[in-house]
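Please look over the sequence and the 3D structure below. Then read on with the model in view.

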Amino acid sequence: MDKILATKIILKRGFKANAERLAKEYREKLNIHPCAALCAFKLAEYLQIPVYKITEFTTNQLHIELLSGKNGDEWSALTMITEVGTTIIIHNPFNSEARQQSDIMHELSHIICEHKHEKIVHDRPIPFGMRNDYNQIYEEEAKCLGSTLQLASPCLLWALKKGMNHEEIANYFNASLDMVKFRINTTGIAKRVNNTSK
Ligand SMILES: [Zn+2]
C-alpha cells in the first residue's frame, strides 16, 4: 500500500479538466454527440496522424506469432517520427478492438500533449522490445487523456443514468471492461449519478 502511494504520480493541476474539455472539443469537431463513442482511428485521421499496423512492417512468422499473443506476450503501440519528420503511430492489430482503441488513444494523447520521448528503446527483439521511453509523468498524462478521450465523463454519466452495467458500457463504447471500471473509479461518477437520482 505504501509503495503504491509513494509511486503515485500527481497530475498537473487542471489536467483532468482539460482532458474532459478536449474530449468534448474533438467530438464537436468530428460532429459526434458529447455522450457518444469517439473512434480512435477517426481521431487520428482528424489529427492527420497516419496509423499503421505493425504487420505492414514485418512478414517474419515468428514476430507475427509473438504479436498475436500466442506466447502470452503483449505489444500495444508506438509513436515514431519518420525520416521526413512526420509523426506516425504503429500498433498491434492482433489486440482486441477495445484494446486497439485505447492503445491508439494513448499514443494520440502523447502527441496531443507534445510529449517528447528520449529515444525508442530496443531491449528485446523487434518489434517487442520497441517502445517509447517517456518519463512517468508523461505516461500518467497519456493514460489520463487517452482514457478520457475514449470514455469522457458525459458518456459515463449518460450510460449510468440509462442504467447500463459495466459490460454494456464497454460494448457500447468499444472499450475494455477494465477501462470502464478505471474511468468510473477515477471520475467518481457513480456517486454523482446516485446523488442525482435520489
Ligand atoms: Zn505511453
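## The model

This is a predicted model: local features need pLDDT of at least 70, side-chain atom pairs count only at pLDDT 80 or more, and totals for chains, interfaces and linings use all residues. Residues are numbered from 1 along each chain as its sequence is written.

Helices (H or I, at least four residues) and strands (E, at least two) are DSSP runs, numbered from the N terminus.

## The sheet

Strands of a sheet pair through backbone hydrogen bonds, either parallel or antiparallel. Here three strands form an open sheet in the order β1-β3-β2, with mixed pairing. β1 (51–53) and β2 (77–81) stand at the edges with a single partner strand each, so one side of each has no neighbour in the sheet. Two strands pair if DSSP finds at least two bridges between them.

β1 and β3 (residues 87–91) run parallel, joined by three bridges. V51 has I89 in β3 as its bridge partner.

## Helix α2

Helix α2 (residues 15–29) has 15 residues. The expected span of a helix is 1.5 Å times one less than its number of residues. For α2 that gives 21 Å, and its end C-alpha atoms are 21 Å apart, which agrees. After α2 comes N31, with a positive phi near 60°.

A residue is buried if 20 or more other C-beta atoms lie within 10 Å of its own, exposed if 12 or fewer, and partly exposed in between; C-beta atoms are placed from the backbone. In α2, A19, A23 and R27 are buried. They cover an arc of only 70° around the axis, which puts them on the same side of α2. The arc is that of the directions from the helix axis to the C-beta atoms. On the other side of α2, A17, E25, E28 and K29 are exposed.

## The core

A nonpolar core is a set of buried Ala, Val, Leu, Ile, Met, Phe, Trp, Tyr and Cys residues joined through C-beta atoms within 7 Å. The largest one has 32 residues, and I104, L108, L149 and L151 have the most contacts inside it. Helix α5 (residues 97–112) gives the most to this core, with four residues.

## Helix α9

M179, V180 and R183 are buried in helix α9 (residues 177–187). Down the axis of α9, its buried residues fall within an arc of 100°, so they line one face of the helix. G188 follows α9 and has a positive phi, near 65°.
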